[in-house]
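Trainee: I have a structure open and would like to go through it with you. Could we start with the overall layout?

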Amino acid sequence: NRTLGEGIARLLSNQLLAGRIEEQKRLLAQSEIKLLQAQINPHFLFNALNTLAAVIRRDPESARQLVQYLSMFFRKSLKRMGNDATLKDEIEHVDAYLHIELARFADRLNVRFVVPPELLELRLPAFTLQPIVENAIKYGISQMLEAGTIVVSAQRAGGVLSVVVEDSAGLYQPKPDSDGLGMSLVDRRIKLRYGAEFGLQVTCQPDCWTRVAIRLPIEE
């Protein structure tokens with residue numbers, strides 16, 4: 001009886017511990033999403049409003065569209081409470097962000113999306129793509145004197161989804177703890193969820209291009 005009782009006690013204890021671990025993981029995921037939400041750069045909003053003020057004077061219709069993109073960007077940023085999103089959701093979020101940046105950079109920024117339609121419903125952690133694109137502009141394109149290009153592409157190789165953000169600046173310089181809090185969080189969230197073989201891979205051809213590849217297993 002004592003052995004049986006001890007066995008049941010251990011089983012219940014393990015179940016309680018497992019439940020607490022899962023709850024802590026859930027809370028950690030939620031806190032990291034809130035931290036990514038808080039990473040919306042105040043300078044981005046400041047620059048967007050200044051751009052809007054300038055556009056209103058010369059092109060009221062473009063200003064109206066810009067307000068809609070700004071509204072969509074913050075709505076998608078602030079109302080995402082779940083841990084997951086579809087690739088389509090992530091691209092729409094990035095697209096709204098890029099339209100605002102296109103208005104600010106005028107002819108200095110070109111953007112292309114190369115994403116097969118059959119991949120749009122694949123799921124990935126929310127707030128995966130926008131921090132990478134923001135870094136490409138902030139530390140890449142905005143530092144160039146000439147026009148720059150950002151290409152967002154996706155492909156499927158077996159059971160792995162690879163989403164690549166490439167900029168034409170080629171200014172990436174790896175330094176410890178300097179890749180940006182947003183990128184670090186994205187990489188860590190993917191590794192914790194799927195394993196060390198997944199996450200971000202950064203390659204750079206100086207003064208030519210920087211590619212950030214987001215690798216994660218496919219979840220239909």
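Trainee: Which pattern does the protein follow when read along the sequence?
Mentor: The pattern is α-α-α-β-α-β-β-α-β-β-α-β-β, from 6 helices and 7 strands. Helices (H or I, at least four residues) and strands (E, at least two) are DSSP runs, numbered from the N terminus. This is a predicted model, in which local features need pLDDT of at least 70 and side-chain atom pairs count only at pLDDT 80 or more, while totals for chains, interfaces and linings use all residues. Residues are numbered from 1 along each chain as its sequence is written, and side-chain values use heavy atoms, with hydrogens and water left out.

Trainee: What is the order of the strands in the open sheet?
Mentor: The 5 strands are arranged as E2-E4-E5-E7-E6, with mixed pairing. Two strands pair if DSSP finds at least two bridges between them. Strand E2 (109-114) and strand E6 (199-205) are the edge strands, each pairing on one side only. On average, neighbouring strands of this sheet are turned by 15 degrees against each other, direction ignored.

Trainee: And in which sense do E2 and E4 pair, parallel or antiparallel?
Mentor: E2 and strand E4 (residues 148-157) pair in the parallel sense, over 6 bridges. Within that pairing, Val114 stands opposite Ser153 in E4.

Trainee: Which strands does H4 lie across?
Mentor: Helix H4 (residues 87-105) lies across E2, E4 and strand E5 (160-167), and runs at about 165 degrees to E2. Axes here are lines fitted to C-alpha atoms, for helices over the stretch in contact, and angles run from 0 to 180 degrees between N-to-C directions.

Trainee: At what angle do H4 and H5 pack?
Mentor: H4 and helix H5 (residues 130-138) pack at about 20 degrees, with their axes 10 Å apart. H4 is therefore roughly parallel to H5; angles under 35 degrees count as roughly parallel, over 145 as roughly antiparallel, 65 to 115 as roughly perpendicular and the rest as oblique.

Trainee: Which residues make the contact?
Mentor: On the H4 side they are His93, Val94, Tyr97, Leu98, Glu101 and Phe105, and on the H5 side Gln130, Val133, Glu134 and Ile137. Contact means heavy atoms within 4.5 Å.

Trainee: Changing topic, how many disulfides are found?
Mentor: A search of the whole structure finds 0 disulfides, a disulfide being a pair of cysteine sulfur atoms within 2.5 Å.

Trainee: What percentage of the residues count as buried overall?
Mentor: Of the 220 residues, 39% count as buried.

Trainee: What about backbone angles: what is phi of Phe127?
Mentor: Phi of Phe127 is near 65 degrees, a positive value in a residue other than glycine. Most residues other than glycine have a negative phi. Phe127 is in the loop between strand E3 (123-125) and H5, and is buried at 3% relative accessibility.

Trainee: Then is Asp207 buried or exposed?
Mentor: Asp207 is exposed, at 62% relative accessibility. Asp207 has a positive phi of about 65 degrees although it is not a glycine, and is found in the loop between E6 and strand E7 (209-217).

How values were computed: Buried means under 20% relative accessible area, exposed over 50%, partly exposed in between (1.4 Å probe, protein chains only).
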